[in-house]
Amino acid sequence: MLLSVLENAKKLWVTWNIRGFIIVSLLVQVFLILFAPFRKRSGRWGKYWKYCGYWLNWSAYLLADWVAQFSIGLIVSKQFKSPPEISDIYVFWAPFLLLHLGGPDTITSFALEDNEFWVRHLLGLALQVGSTAYVFVKSLPENKLWFPTILVSVAGIIKYAERNRAFYLASFDHLGDDWVSSKCGDELPVPEVFQKMDQATFKDQSKSILWTAAHHFGTIKMMLVGPYLSPDHSTEIREAFLQETIQPKVLQILDIELSLLYEVLHTKLPVVGCTIGYIFRSINLFCILGALLSFSFFKKYYKLEQFDIWLTYGLLIGALLLDFISIILLIFSDWILVACNQSTESSLFEKPRWSSTVSQMNFISYYLKDYPVLLKDLADLVRIRQLLEGIKGIFLSLSFKNINQGIDYWHLIFEELKQLNVKMLELSRNVQEVREVWLYSRELVLKSFGDSEQQRISNIIKELDYTKSVLTWHIATEICFQEVDQTSMSGIEEGGQRPMSGTQSKDHKELCKLLSDYMFYLLIMQPTMMAGVSVTWKTLFERTLAEARLLLDRSSISNEKVAGEKIQELIPYPGKQESDLNNSVLFIAAKLAKELKNSNNGIPWDSMSKVWVQLMCIAAMSCRPNIHAQQPSKGGELLTFVWLLMNHLGFGTYFSSHY
């Protein structure tokens, strides 16, 4: 019985292995061309699609190359073991695998590291073309499908060469050459298609937005390979972004810039979106059409199985459809919109790019949704504790907030950055002093608090490093957020000034909550983005979490508000020495929350929002540029938008000599 099953399985494999793998290869190509573009806005449909979609795209990307290469190997091994007509159809299928190895226009690389291996991909091109040529030559002179085979081979070589060219253009070797040449020539490395744009053609507001994004796109390429930005360029860009007509559209401009960056790093658009690219793409299209017509003519000379005929038609029509879809996507891409001077008022321009969502996690919620002790011990035993914590973070603690719905969070962040920019410019005569203000003191932020609050808050946070500051302010913000704060809505501030209106106070309160939960998410789920300023986050977080488990009775805590009250009740901690208290994040956060709530005019959400904007700015500018460049392909991060805006406003010059 077992031998019979194995024998049938062997026969099934021999009959269908090549056909099956070619069908899978075609389906993977269809999947990638349709779903790969959604990587840019994967967070829009929730956390499950963000992470499941990421893994599906990653799996399809790896599977595409493996299936195509394996199929060519099968064709080589079976060429002389099949009847002539079957052997010839196998030879005709081989060039289609070159087309598939060339991949769809919507994705050439999955990660930035793929671009750095362009030499290896070039070697792969030579080997696969050689294998296909070997199969074809060996089939001559009996092969009656030689003409359509040559046509498809030409199309396949063009597609595969386009992909290798895209790898090279997106590699840091090429970007570095652009940077060196621009540094010597004092010109931004703007793509050729953008250099033809003239600001005089963009007098109306809608087109000036597009021009601003395209004109300053070269600065992003410079920032990826080096922190250099000349004073003239820095001043020019800052003035452009502070224009009254541009300010309301800053987020849209940054969105376009990062979308263009994604297309440069991860798609074929820089290769096909030029005159030479159009020529080769036309040749590719005519070759496939010619192959379709010639196969329709030559097939009558063969006694092929009906399935093989339909499969061949499927490959030919599939290749045509993939090309047509690529052309449509090219027409609707930002690259072509910029090249054609398309107005931003067009409905084509209003397509979503970034997911517009900000990931949210908070410490108290993370603590309340802890795993049972037995499960954690079992995870430690098999050494999958980190995997377990990652699953917990994604499926139990992570949420998303859309910054384009309700409160205009981006406007608040931009206004805070403009104020910081003014203060930085006032100190710009002494770069060393500016850097020290940013990195080692809280002077600019503490000045926003009242005179009576400055010293008390300074005494609490002055000894904290960056990681402990983020975690302390996060817990204190969560405690304050759960309080019903009425005093901040009315009354007179110190110095006779009116306090913020109720709407303003609520907006800054929500901004504090947004940035607090976002920064905690970055610490826990995106440590690589925080590596420049936070190398001890894991030890500090685990110690604080263990302290919460020890001192708080989770069974008596029903929600975050009750948890915040329990944390404050721990002051003073029973049985704790003063030296121990100074190292306890929970204790410091409780003291800070108490001071904030005891403020003369209620919880100072306006000043706290300045704290969070500054903490986020330090993280943004400390994160390596190549880490920021990875984010558009993962749905985008608010931190990357802030980093880009800060560089446009001239903050990068203050950090360049330090990092």
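The pLDDT is the predictor's confidence in each residue, on a scale from 0 to 100. The structure discussed here is a predicted model, and its chain averages a pLDDT of 79, with 78% of the residues scoring at least 70.

| Stretch | pLDDT | Contacts in the model beyond near neighbours in sequence |
|---|---|---|
| Residues 343-347 | below 50 | 10 contacts |
| Residues 485-501 | below 50 | 31 contacts |

**Overall architecture**

The chain comprises 33 helices and 2 strands. Of its 659 residues, 56% count as buried. Among contacts between residues at least 6 apart in sequence, 82% join residues at least 24 apart.

Helix H14 covers residues 275-298, 24 residues in number, and reaches 35 Å from its first C-alpha to its last, close to the 34 Å expected at 1.5 Å a residue. The buried residues of H14 include Arg-281, Asn-284, Leu-285 and Ile-288. An α-helix has 3.6 residues a turn, so residues three or four places apart point the same way.

Ser-326 itself lies in helix H15, residues 306-331. With a relative accessible area of 6%, Ser-326 is under the 20% limit and is therefore buried.

**Packing of H2 against H19**

Two packed helices are described by the angle between their axes and the distance between the axes. For helix H2 (residues 47-78) and helix H19 (residues 385-397), the angle is about 140° and the axes are 9 Å apart. Angles over 145 degrees would count as roughly antiparallel; H2 and H19 are therefore oblique to each other. On the H2 side the contact is made by Lys-47, Tyr-48 and Tyr-51, and on the H19 side by Ile-394, Phe-395 and Leu-396. The residues of this contact of H2 with H19 divide into 5 nonpolar, no polar and 1 charged.

**Arg-353**

Arg-353 is placed in the loop between helix H16 (334-339) and strand S1 (357-360). The relative accessible area of Arg-353 is 5%, under the 20% limit, so this residue is buried. Along the chain, Arg-353 and Asp-334 are 19 residues apart, and their C-alpha atoms are separated by 9.8 Å.

Notes:
Residues are numbered from 1 along each chain as its sequence is written. This is a predicted model: local features need pLDDT of at least 70, side-chain atom pairs count only at pLDDT 80 or more; totals for chains, interfaces and linings use all residues. Side-chain values use heavy atoms; hydrogens and water are left out. Helices (H or I, at least four residues) and strands (E, at least two) are DSSP runs, numbered from the N terminus. The expected span of a helix is 1.5 Å times one less than its number of residues. Buried means under 20% relative accessible area, exposed over 50%, partly exposed in between (1.4 Å probe, protein chains only). Axes are lines fitted to C-alpha atoms, for helices over the stretch in contact, and angles run from 0 to 180 degrees between N-to-C directions. Angles under 35 degrees count as roughly parallel, over 145 as roughly antiparallel, 65 to 115 as roughly perpendicular and the rest as oblique. Contact means heavy atoms within 4.5 Å. Ala, Val, Leu, Ile, Met, Phe, Trp, Tyr, Cys and Pro count as nonpolar, Asp, Glu, Lys and Arg as charged, and the others, Gly among them, as polar.
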